[in-house]
Amino acid sequence: MPAQNRPPSSGRSLEHPDRAEIRLEGVLHAFSDPMRLQIVRDLAAVEGELNCSVFDLPVSKSTTTHHFRVLRENGVVRQVYRGTAKMNALRRDDLESLFPGLLGTVLEAAGRQASRLAVPS
């Protein structure tokens, strides 16, 4: 969504690493958990932002919050408050600039794995 069409942020801010502070081992750690990898896959499937409430993860709310924090603190996602909603977006440009091809390769591999492990109906 273009910036001019987005609701203004609420003034609450969350800490994010600058591009230069993002480390490969942190990004790989963020990708290493199945729930976090699912969040990344869901965000990659859309352009723009998703509200935290749209993610249907089979874990508690506090565990979901933890997973988003790990993704944010390791530079994989950007979170901003828009009103009372916490919006999430992949930091595609930052990740591609620092680690060319990594995000696409991980997403492709995760998709293949999901297909391979899918339970037949």
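Q: In what order do the elements of the protein run from the N terminus on?
A: Starting at the N terminus, the order is α-α-β-α-β-β-α-α. The protein has five helices and three strands. Helices (H or I, at least four residues) and strands (E, at least two) are DSSP runs, numbered from the N terminus.

Q: What should I know about the model and its numbering?
A: This is a predicted model, where local features need pLDDT of at least 70, side-chain atom pairs count only at pLDDT 80 or more, and totals for chains, interfaces and linings use all residues. Residues are numbered from 1 along each chain as its sequence is written, and side-chain values use heavy atoms, with hydrogens and water left out.

Q: What percentage of the residues of the protein count as buried?
A: Of 121 residues, 36% count as buried. Buried means under 20% relative accessible area, exposed means over 50%, and partly exposed lies in between (1.4 Å probe, protein chains only).

Q: What percentage of contacts between residues at least 6 apart in sequence join residues at least 24 apart?
A: The share is 72%. Contact means heavy atoms within 4.5 Å.

Q: How do I read a nonpolar core, and which residues touch the most other members here?
A: In soluble globular proteins, nonpolar side chains tend to be buried together. A nonpolar core is a set of buried Ala, Val, Leu, Ile, Met, Phe, Trp, Tyr and Cys residues joined through side-chain atoms within 4.5 Å. The largest one here has 24 residues, and Val27, Phe31, Val40 and Val76 touch the most other members. Helix 1 (24-31), helix 2, helix 3 and helix 5 each give two or more residues to this core. Helix 5 gives the most, with five residues.

Q: Which residues is Val40 in contact with, leaving aside neighbours within four places in sequence?
A: Val40 contacts Phe31, Leu71, Val76, Leu90, Leu103 and Leu107.

Q: How do I describe two packed helices, and at what angle do the axes of helix 2 and helix 5 cross?
A: Two packed helices are described by the angle between their axes and the distance between the axes. The axes of helix 2 (residues 34-44) and helix 5 cross at roughly 110° and come within 11 Å. Axes are lines fitted to C-alpha atoms, for helices over the stretch in contact, and angles run from 0 to 180 degrees between N-to-C directions. Helix 2 and helix 5 are therefore roughly perpendicular. That label covers 65 to 115 degrees; under 35 counts as roughly parallel, over 145 as roughly antiparallel, and the rest as oblique.

Q: Which residues meet where helix 2 packs on helix 5?
A: Helix 2 brings Leu37, Val40, Arg41 and Ala44, which meet Leu103, Val106, Leu107, Ala110, Gly111 and Ala114 of helix 5. The residues of this contact divide into eight nonpolar, one polar and one charged. Ala, Val, Leu, Ile, Met, Phe, Trp, Tyr, Cys and Pro count as nonpolar, Asp, Glu, Lys and Arg as charged, and the others, Gly among them, as polar.

Q: How do I read salt bridges, and how many does the structure hold?
A: Side chains of opposite charge can pair when their charged atoms come close. A salt bridge is a side-chain nitrogen of Lys or Arg within 4 Å of a carboxyl oxygen of Asp or Glu. The structure holds six. In one of them, Glu25 pairs with Arg23 at 2.5 Å, N to O. Glu25 is partly exposed at 47%, and Arg23 is exposed at 53%.

Q: Where in the structure do Arg112 and Glu108 lie?
A: Both lie in helix 5 (residues 102-117), four residues apart, about one turn of the helix. Arg112 is partly exposed at 48%, while Glu108 is exposed at 52%. Elsewhere, salt bridges that share partners join Arg19, Arg91 and Asp94 into one network.

Q: Is Arg91 buried or exposed?
A: Arg91 is buried, with a relative accessible area of 4%. Its place is in the loop between strand 3 (85-90) and helix 4 (92-98). Not counting residues up to four places away in sequence, Arg91 touches His16, Pro17, Asp18, Arg19, Ile22, Gly75, Val76, Val77 and Arg78.
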